Amino acid sequence: VWLFTRVTVVMDATEKEASLKKFLKHVKKVEEEDSVLTSDQQIERLTRKGAKYRNLNPFEVLQVDREIDEKALKKKYRKLSFLVHPDKNNGNELAQKAFEAVNEAYRAVQDDEKMAWVNYIYDEAEEEWPHYLKQRRREAKKKGETIPEDRSDANMGESWRKFLMKRFAEKEIQKEKLLSSDSKRKQEEFNSREEEKEKLKRAKVQEEEWVKGRQQRMSAWLNFTGTESAPADMQSKVADASTPAATTTT
């Protein structure tokens, strides 16, 4: 029983690996077909609705496979950047945005830290993908139907790209929420410190005004009484009031 179970597990793993390789081959074929686009089509692809999240995946922007070598990547980048270059597309106002998207994607591929994040999303998506298809097939089978992904390579490739784009978008939204939360906390701390500084400033001004008023009242009393100096107890109070109170700041 143990041997049978082990063989079954090994076969399942081998079948999954073969299935994944076949699938990725299909995706690469679709990417190659899509890469043959005109300048206007490329600009539209890179600036269409949802581009903020669509362009998070640098490989999708550059229309290359994740395993591409550096030489082929540079060649593809140059070709694509030329197609969408603003100088080549004077009549298209979106060319600059498309050109920036291509350059940003190329820089990301050369950045180890950014690539670690990209590869993490890819690995996670590739692990979830078979389960996603299995669930869809199960639901379709109940209705006596088949899923679009099983009808053609093009459907499979497009579905994978949408699935991957969704994963990139979800991760980006999660990151934005974390950054927003951290930014909000820092802003609250800053506001609290500024408010404390303002309170101390107002207290100091009030103290100075009170001392000034006390001195004016003493001078008025001296003029009224015709004396040259105030009683010792009044002078002591004025001296005490003129000495700034000790404050503790954090």
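# How the core and its helices are judged

The largest nonpolar core of this predicted model has 31 residues, and those with the most contacts inside it are F59, L62, V84, V102, Y122 and W160.

Me: Which elements give two or more residues to this core, and which of them gives the most?
Reply: The elements that contribute two or more residues are α2, α4, α5, α6, α7 (112-142) and α8 (153-225), and it is α7 that gives the most, with 8 residues. In general, nonpolar side chains tend to be buried together in soluble globular proteins.

Me: Why is F59 called buried, and what makes Y122 count as buried?
Reply: A residue is called buried when its relative accessible area is under 20%. F59 has a relative accessible area of 3%, so F59 is buried, and Y122 stands at 8%, so Y122 counts as buried by the same cut-off.

Me: Why is the aromatic pair of F59 and Y122 called edge-to-face?
Reply: Two rings pair if their centres lie within 6.5 Å, and planes over 60 degrees apart count as edge-to-face. The centres of F59 and Y122 are 5.8 Å apart and their planes make 80°, so the two rings form a pair and the pair is edge-to-face.

Me: How do you know that the buried residues of α5 line one face of the helix?
Reply: The buried residues of α5 are L73, K76, Y77, L80, S81, L83 and V84. Seen down the axis of α5, they fall within an arc of 155°, so they line one face of the helix. The face turned away from this buried side carries the exposed residues K71, K75, R78, K79 and F82. As a general point, an α-helix has 3.6 residues a turn, so residues three or four places apart point the same way.

Me: What covers the buried residues of α5?
Reply: The cover includes α2 (39-47), α4 (58-62) and α6 (95-109). V102 is in contact with Y77, L80, S81 and V84, among others, when its neighbours within four places in sequence are left aside.

Me: How do you know that the reach of α5 is close to what is expected?
Reply: Helix α5 covers residues 70-84, which is 15 residues, and it reaches 21 Å from its first C-alpha to its last, close to the 21 Å expected at 1.5 Å a residue.

Me: What is the arc of the buried residues in α2?
Reply: In α2 the residues S39, Q42, I43, R45 and L46 are buried. Seen down the axis of α2, these residues fall within an arc of 160°, so they line one face of that helix.

Me: Why is K171 called buried, and what makes its link to E124 a polar contact?
Reply: K171, which lies in helix α8, has a relative accessible area of 12%, and the cut-off is under 20%, so K171 is buried. The side chains of K171 and E124 are joined at 3.1 Å, and a polar contact needs N or O atoms within 3.5 Å.

How values were computed. Residues numbered from 1 in each chain as written. Predicted model: local features only at pLDDT ≥ 70, side-chain atom pairs only at ≥ 80, totals over all residues. Heavy atoms only, no water. Helix = DSSP H or I, 4+ residues; strand = E, 2+ residues; numbered from the N terminus. Expected span 1.5 Å × (residues − 1). Buried < 20%, exposed > 50% of the residue type's maximum accessible area, 1.4 Å probe, protein only. Arc of directions from axis to C-beta. Contact = heavy atoms within 4.5 Å. Core = buried A, V, L, I, M, F, W, Y, C linked by side-chain atoms within 4.5 Å. Polar contact = N/O pair within 3.5 Å; in protein donor to acceptor, adjacent residues only side chain to side chain. Phe/Tyr/Trp six-rings, centres within 6.5 Å; stacked < 30°, edge-to-face > 60°.
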